[in-house]
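Biologist: Hi, could you walk me through the salt bridges in this one? I'm new to it.
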Amino acid sequence: MKSLLRYMKGYRKECLLGPLLKLAEATLELLVPYVILAMIRNGIEGENRRYVVLAMLILIGMGFVGLLFSVAAQYFSAKAAVGFTARVREALFAHIQSLTYREIDGLGRSTLMTRMTSDMNQVQTGVNLALRLLLRSPFIVFGAMIMAFTIDREAAMTFVVAIPVLSVVVFGILLAGIPLYKKVQVRLDGILSKTRENLTGVRMLRALCKEDSEVRDFDEKTEQLAGSQKLVGRISSLMNPLTYVLINLAIAFLMYRGAIKVQYGVLTQGAVLALYNYMSQILVELIKLANLIINITKSIACANRVEAVLETKPSLSVLPEKYSEKDGSVVEFDRVSFRYGNGGENAVNDISFQVRPGETVGIIGGTGSGKSTLIHLLCRFYEVVEGDIYVEGRSVTSYPQEELLSKFGIVPQKAILFRGDIRSNMQFGREDVTDVEIWEALSLAQAKEFVEKKEGGLSAPVEQFGRNLSGGQRQRLTIARALVRRPSILILDDSASALDYATDLALRRSIRSLDYRPTVFLVSQRASTLKGADRILVMDEGRLVGIGTHDELFDTCDVYREICLSQMKQA
């Protein structure tokens, strides 16, 4: 939590004025019983109508000024809380963008979304409440006791006894409830995660007829959350009855002692009424303070979770420059091994190969053989465990991430488009791209025809993830987005799986006709797609078991021949 306070810089004035104005309003509130006492003593009992009117005007004025103080305090507190939260959210988002795949996999996407949304909202609420009320409630509690001593010392001893007893009850219930509130928050996070998972995969759940089991699982989690909330609710519900009983006993004792003193002329009726008002103020403020601490406790827990994400350091760093001893290659894998997570078996083992500029390299293998892993390592989305990877003769570890990725045009397995229009999605590839260049890229990606038919052309709307487009259209647009970058290395990671064979063939011919001759990596399950590649890498269980042309591998590599024959049978 402490490390987040640096984002409060720039709001020192608001952090100072908010509490001070609230204390000024609290001071006026403490003076109200005193004014009422003076009005009863000097105005009503003395039958001085002018004094009563003057006291009423003073009370109205105090109320109006107190309202101004309260509104101003709310403004400054809200300004500081919203500004602080905005800065933290911006820093959190930027930090998440800097994390590698390894950290994001470890933290979980649903967790990161929760930190960005509900946790940050809770932090904002906690900061706002703390600035306005954290000093106000203790100030009124102890201020009311001090003011009681100025009226009658003996009667004020009731406050000295009542306040500690009330504090024990309030904070005892509070301490019992805080761990339960944390448990409730953890179970709420679980429900949010489950909800996101189900909404994201709703089509697959329906395809697998898993709705009933998911509903049962969700109901079970909801019941656990409800049970925790009921338990903490029962404990919290004891606060008001107990505090009201104690405060009413104190008031009854105060009224009894006050009545006796009024009878003997030691105290006036106005003094007893003032003492009663101060006791009521203490009750209200202690309950406010308890609820405030509960909210602040939740906020601190959320802030600690946000802080934990911010303290997660990216595992990738720029190392001193290192160059390959071999010349003439644009990409080189030198005895590369890698595993996901901190344990388990390697996903790829002892991979070594070189790729010359302008070559088209195919990568094929069974599911889980490590094809996409090679691409992720080449782009340094993950750090290798052993060996080195060189791009244009220089180790990828010595490149700043932005400089390294500027060399690639990447089309991932899952075609991801962003909400906006076709033009804005192409501009994700390159911000300064012109419409002429976009149409050229669309033509190369075999997407020009269907884009021209859309109303608005490049301005045609695209929903989130491209939900208003077919799978093949999404894939062709993501290929076009990569091509507008004019990359020196083009990576197509199984990006034509939704295309028919004719479109796939036309796409490969278009890529071969590019005037700047990029080095192309084609990852595919189809042997026919890779048949015309200059070389093909055959992966099997994380190992490179063959490298060569289609004809060479068909004769010499059992794994590749088996893949080809199985696909020929299916055809």
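**Salt bridges, pair by pair**

Modeller: Happy to! Arg-486 is partly exposed, its relative accessible area being 40% (buried is under 20% relative accessible area, exposed over 50%, partly exposed in between, with a 1.4 Å probe and protein chains only). This is a predicted model, where local features need pLDDT of at least 70, side-chain atom pairs count only at pLDDT 80 or more, and totals for chains, interfaces and linings use all residues. Residues are numbered from 1 along each chain as its sequence is written, and side-chain values use heavy atoms, leaving out hydrogens and water.

Biologist: Which residue does Arg-486 form a salt bridge with?

Modeller: Asp-515, with the closest N and O atoms 3.4 Å apart. A salt bridge here is a side-chain nitrogen of Lys or Arg within 4 Å of a carboxyl oxygen of Asp or Glu.

Biologist: Is Asp-515 buried or exposed?

Modeller: Asp-515 is exposed, at 63% relative accessibility.

Biologist: New topic: how many salt bridges does the structure hold?

Modeller: There are 26. One of them pairs Arg-115 with Asp-119, whose closest N and O atoms are 2.8 Å apart.

Biologist: Where do Arg-115 and Asp-119 sit?

Modeller: Both are in helix H4 (residues 109–133), 4 residues apart, so about one helical turn separates them. Helices are DSSP runs (H or I) of at least four residues and strands (E) of at least two, numbered from the N terminus.

Biologist: And are they buried or exposed?

Modeller: Arg-115 is buried at 10% relative accessible area, and Asp-119 is buried at 0%.
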